[in-house]
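Here is a brief report on the salt bridges and the fold of the structure shown below.

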Amino acid sequence: MGSDAIERVVALRHPIERVWAALTTAEGLSRWFGSVAEIDLRPGGRAFFRWDDLDEESVATIAVVDPPHRFAFRWVIEGLPEADAPQTLVDFTLEPVPGGTRLRLVESGFAQAAADVAHSAHKANSQGWDAELVDLETYLDAAA
């Protein structure tokens, strides 16, 4: 496996507060990250995501809430049973820049799983984040 982490950096033409709301509210998340989202925005809180088109859902545990600069959650590595499975950390860092916000996404922890599972989850999530971040930008631009 090439890497334990996925990293993406995106420049968004929107103020940091708007990007933060898109990442951390049920209304914002359900517009770009899956079909349905619920979130209890506090460390240790629970987030639920559902993708109707994929018939998949995921439950995450909130790890970091530092408005409006950092938001992170842990979720089970795809392809593993929920109970006691290793989890990756999905970490969003927001930085105001001229003309908008720089969003850095890092999902790390794939190497905890067996190599074949880690490789396939890393590949699936890499493609997933590429699509989701385009959806985030589309949602923010449409809501502007």
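## Salt bridges and sheet

The count comes to eleven salt bridges, where a salt bridge is a side-chain nitrogen of Lys or Arg within 4 Å of a carboxyl oxygen of Asp or Glu. The model is predicted, so local features need pLDDT of at least 70 and side-chain atom pairs count only at pLDDT 80 or more, while totals for chains, interfaces and linings use all residues. Residues are numbered from 1 along each chain as its sequence is written, and side-chain values use heavy atoms, with hydrogens and water left out.

Among the salt bridges are these:

| Pair | Closest N to O distance |
|---|---|
| E7 and R104 | 2.8 Å |
| R50 and D55 | 2.8 Å |

E7 and R104 form a salt bridge. This pair links distant parts of the chain: E7 sits in strand β1 and R104 in strand β7, 97 residues apart. Strands (E, at least two residues) and helices (H or I, at least four) are DSSP runs, numbered from the N terminus. E7 is partly exposed at 43% relative accessible area. R104 is partly exposed too, at 36%. Buried means under 20% relative accessible area, exposed over 50%, and partly exposed in between (1.4 Å probe, protein chains only).

D130 belongs to helix α3 and R8 to strand β1, so the pair ties together parts 122 residues apart in sequence. D130 is partly exposed, with 40% relative accessible area. R8 is partly exposed at 22%.

R50 bridges to D55. D55 is exposed, at 59% relative accessible area. Salt bridges with shared partners join R50, D52, D55 and E57 into one network.

Now the sheet. Seven strands form an open sheet in the order β1-β7-β6-β5-β4-β3-β2, with antiparallel pairing. Two strands pair if DSSP finds at least two bridges between them. β1 (5-12) and β2 (36-39) stand at the edges with a single partner strand each, so one side of each has no neighbour in the sheet. Neighbouring strands are turned by 20° against each other on average, direction ignored. Strands β6 (residues 87-97) and β7 (residues 100-108) run antiparallel and are joined by nine bridges. V90 stands opposite E107 in β7.

Helix α1 (residues 16-24) packs on the sheet, touching β1, β2, β4 (56-66), β5 (70-76), β6 and β7. Contact means heavy atoms within 4.5 Å. The direction of helix α1 makes about 160° with that of β6. Axes are lines fitted to C-alpha atoms, for helices over the stretch in contact, and angles run from 0 to 180 degrees between N-to-C directions. Helix α3 (residues 115-143) lies across β1, β3 (46-51), β5, β6 and β7, at about 15° to β1.
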